[in-house]
Structures are given as C-alpha cells and as structure tokens.
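I opened a new model today and kept notes as I went. Here is what I looked up.

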Amino acid sequence: MAVVALVMIGPSGFVNVRRPASHDGIDAASRLPFRRGRRTLDVEEEPSSLQTRFATRIIRKWSFDLAARLLNIIGAATSAGAYSPGQERAPAAFRRHGLAEALASRGRTVRDHGDVASFRWRPDPSRPQAMNLEAVRGACDLVASHVATAISAQEDVLVLGGDCTVELGTVAGANAASARIGLVYIDFDADLNTPDTSDGALDWTGVAHLLNIPGCEPSLAGLGPTRPMLVPQQLLYFGVENITPPEAAAIRDNAVKVISREEALSDIEAAAARAAEWAARFDCVLIHFDVDVLSFIDFPIAENVRRCDGLKLEQAAFVLKQLTALQQWRGLTVTEVNPAHAPDEPTAFARLNEVLADALG
C-alpha cells in the first residue's frame, strides 16, 4: 500500500508535509501490514509527570519498522544557552531553503510542528554562571513534550536547534516515552562542564546536566522523568576534541566511551561502524549533531568559528547515514547552526538539507 505525502503551505509560510488518514479515519501508517524483520518490545510502567500529559497507564509496543513511522520536525529557535545570538534563526532557515521538500523527495512523510520555543540570546547579569536559565528550561520542557508524544506514537523526531541545551529536551522526552536510550553525541566539544566550571553559557554544560554531574542546576538536571536523564553507559562521544581538565576527569571517572576527532578523521568508516555497533544495543538511538564538529574553513556555518581541523560535511553525512540506518534510531537533534556565518546562505542550507534528507529519507 502506498503512502502519499501531502505538501501544504501553512499560514506561517512553512511547508507542512502530512500523512493522510484512511477513509475510516485511521492513520495510513497504522494499517500497514506486518513486515518481515519488524519486532516490538513491550514496556509497562507507571507514568511520570511528563507522561501524564498524554497517558495514565502506558503499555507501549516499540516498532522498528521505518516504513510505518512519521517524521516530526520540531523547531527550537533559541540561543538562550549560547554565547551570542544567531542560532535562533536556524530553524526558519532550514525551512526557508527547502528541508521539507528535500525529505518529501525521498519519500519521507513529515509533520512540521513549527517552532515550539523562541528566544534570542541576551546577557544575563542576574545569573552570570547560568545565563538565561529560565529560557533554557522553558524551551527544553516544550521540546520534551513534543518528543515524548512523537516517540510514544512510534514516530521519529528531527529537532532543529538552537543551541546545544536543546538536547536536554530531546532526551527528557524520549525518557518520558519509556525508551532505553543510547545517545551518540557528535560534537567538537564535550559539553561536560558544570556552571561553576563554565563561563556562564549553558550550552557548554548540556551533557553534565544529562548525567547529573555534581554542581549542575537542579531545574535542568531534573528536567525529565528520571534523574539522571542518562547514565554514562548510555553516552558515546563522536568527533570530540576540545575537552577541559574537569571534563576529562568526568569522562575518566565515569568511563564514558569516546571516539575522538583524530580517530574519526583517520578512518571515518571504521569510526562510524564502531558508533553504530555501540548504538545497536539500545531500544532507542538518539543522535546529537552539533555542526561545530565540522571544519569551519571547509563548511562555515557553525556558531563557533574556530580555525581547527574538523570533519568534512561529507564525512559527517556518512556517519549520520550509518546511524539513522539502525532500526532503533528515533531522533536527531541538530544544533549550533548560525545562518549569519554562512557566506552563501542558500547554498549552505541546500547542502545541509540534502545531508539531512539523505540520512532521514
């Protein structure tokens, strides 16, 4: 049975690609026949406070049939946790330059929820070590709600950030959907500082809050239904290079798995295979893709303009495609894109959109 994508231009000017319902009102995806290779995992548990927004008692069958799943686009147009403005403009730029159309051209059915949160960075002298904390928390909470609903419905998510703190919302939402998560964190930075070892920008502390490292802000570390949101065995760094001494100690003490930038650059195929093998043990694979991991000279679009050697865009695309090919893949969060740093915005986003469409289509 064919599933047809409907492309509609909404009043906001965004392109919404929605899966049609069948004649009896049941979503077409739910009528797909059982496919060879499809498997499910039954999970039963008491709902968390986040889960009670959409369920009272949850018995969930996790479907690993890609053809039966809708892709939800969730915009988090916020630079609240960043060092300066710019990232809040990224979700609109992705849409403006044809992300939904690129996905539809690969046969992927998409529902675009628009931007669930918007905030432009500003100085916050009232909280010099955790600037714009309330805005970060608010954006993450909204992202979490949408992600929980999507994954509970056996659908996929593409979260368009925004700064790196957006990942807290993605993970909290997946936790609320009762998934055993494995997070592949593709980033040049470890983001494992706490506010007292950082410089006030919360996007340098995201992973520390996921792991509930001592010294974290309670309102962020407690965002999800579980605390910590992740244990170290659920985290894999990929392409990381910039690690501060406190971060190095936390990685060592918690035995966090790392595939370094050097390892990735020396043999990208072997590095991607290692990451995929690690991720395949989990029920729900999430990917964090911070474009800071890219070589800024090769592809200038990241928030950070460091002139250091990073991955080529094609190498990152290869890694993303290997990971999203896993049956357990459920979500991709893209962060730290600053449209103002692209010398040719339409060309840069056309390339990025093709990368995302190839990985998710």
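**Ground rules.** I am working with a predicted model, where local features need pLDDT of at least 70, side-chain atom pairs count only at pLDDT 80 or more, and totals for chains, interfaces and linings use all residues. Residues are numbered from 1 along each chain as its sequence is written, and side-chain values use heavy atoms, with hydrogens and water left out.

**Whole chain.** I counted eleven helices and twelve strands in the protein chain. These are DSSP runs numbered from the N terminus: helices are H or I with at least four residues, strands are E with at least two. Of the 361 residues, 58% are buried. Buried means under 20% relative accessible area, exposed over 50%, and partly exposed in between (1.4 Å probe, protein chains only). The chain exposes about 14000 Å², and carbon and sulfur atoms supply 53% of that. Such areas come from the Shrake-Rupley method with a 1.4 Å probe; for residues, only the protein chains shown count as cover. I then checked contacts (heavy atoms within 4.5 Å). Among those between residues at least 6 apart in sequence, 71% join residues at least 24 apart.

**H10 against H11.** I took helix H10 (residues 313-324) and helix H11 (residues 345-360) next. They pack at an angle of about 25°, with axes 8 Å apart. The axes are lines fitted to C-alpha atoms over the stretch in contact, and angles run from 0 to 180 degrees between N-to-C directions. That angle makes H10 roughly parallel to H11; the cut-off is under 35 degrees, with over 145 roughly antiparallel, 65 to 115 roughly perpendicular and the rest oblique. The crossing is right-handed, meaning that the near helix is turned clockwise from the far one by less than a right angle. On the H10 side I listed Leu 313, Glu 314, Ala 317, Leu 320, Lys 321 and Thr 324. H11 supplies Arg 351, Leu 352, Val 355, Asp 358, Ala 359 and Leu 360.

**Leu 332.** I found Leu 332 in strand S12 (residues 329-335). Its relative accessibility is 0%, so Leu 332 counts as buried. Beyond four places in sequence, Leu 332 touches Val 157, Leu 158, Val 159, Ile 287, Phe 289, Leu 320, Leu 356 and Leu 360. The C-alpha atoms of Leu 332 and Leu 360 are separated by 9.0 Å, at 28 residues apart along the chain.

**Gln 315.** Is Gln 315 buried or exposed? At 18% relative accessibility, Gln 315 counts as buried. Gln 315 sits in H10. Leaving aside neighbours within four places in sequence, Gln 315 contacts Leu 265 and Ile 268.
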